[in-house]
Amino acid sequence: MKVNRHAKIIELINKYQIETQEELAERLNAEGFKVTQATVSRDIRDLKLTKIQGENGKQRYIVHQSFDNGLSERYIRVLKEGYVSMDMAQNILVIKTVSGMANAVCAALDAMKWNEILGSVAGDDTIMCAIRSVEDTVRVMDKISKIVL
């Protein structure tokens, strides 16, 4: 599925310094996505990926930061596709996702750079977000609800 592949691409380029389409295709194939270089090329165009100079002096792919009110369409789509439910425990927000989508949803939340979220950790289908306060947790839940519902 294209949405899952796009989510995996975002996760991979955030995790690794991927320099070429071939390298991205290899990593996607290793993750169980059977892709060709042509598919990766279309995905790069669809996701509006761009290259920057990495810390090691080599080029690497990043998600182009074109935000509308702090939210990018692609992150919203990943959040909508992966979200199942959420609940809070004081200032900890626990988000349940479709199996295998937690990393992508977590990366999307991180990319949104909401000030209330101090950090997040993802498993296979669960994300735990450390939020600044109980009030901020309610605020973040409201923001997420407005996106996914």
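Helices α1 and α5 are roughly perpendicular to each other, a label given to angles of 65 to 115 degrees, whereas angles under 35 count as roughly parallel, over 145 as roughly antiparallel and the rest as oblique. The model is predicted, so local features need pLDDT of at least 70 and side-chain atom pairs count only at pLDDT 80 or more, while totals for chains, interfaces and linings use all residues. Residues are numbered from 1 along each chain as its sequence is written, and side-chain values use heavy atoms, without hydrogens and water.

Two packed helices are described by the angle between their axes and the distance between the axes. For α1 (residues 2–15) and α5 (residues 102–112), the angle is about 65° and the axes lie 9 Å apart. Axes are lines fitted to C-alpha atoms, for helices over the stretch in contact, with angles from 0 to 180 degrees between N-to-C directions. Helices (H or I, at least four residues) and strands (E, at least two) are DSSP runs, numbered from the N terminus. The crossing of α1 and α5 is left-handed, that is, the near helix is turned anticlockwise from the far one by less than a right angle. On α1, the contact (heavy atoms within 4.5 Å) is made by Ala7, Ile10, Glu11 and Asn14, and on α5 by Asn103, Ala104 and Ala107.

Asn14 and Ala107 also lie nearest the centre of the largest pocket, together with Lys15, Asp110 and Ala111, among 12 lining residues. A pocket is an open set of points on a 1 Å grid over the protein atoms alone, where a 1.4 Å probe fits, with protein on both sides within 12 Å along at least five of seven lines; lining residues have an atom within 4 Å of a point. The volume of the largest pocket is about 220 Å³. α5 gives the most to its lining, with four residues.

Gln21, Glu22, Leu24, Ala25 and Leu28 of α2 meet Gln37, Val40, Ser41 and Ile44 of α3.

Technical notes. Grid points are joined across faces, edges and corners, and a volume is the space filled by probe spheres set on the points.
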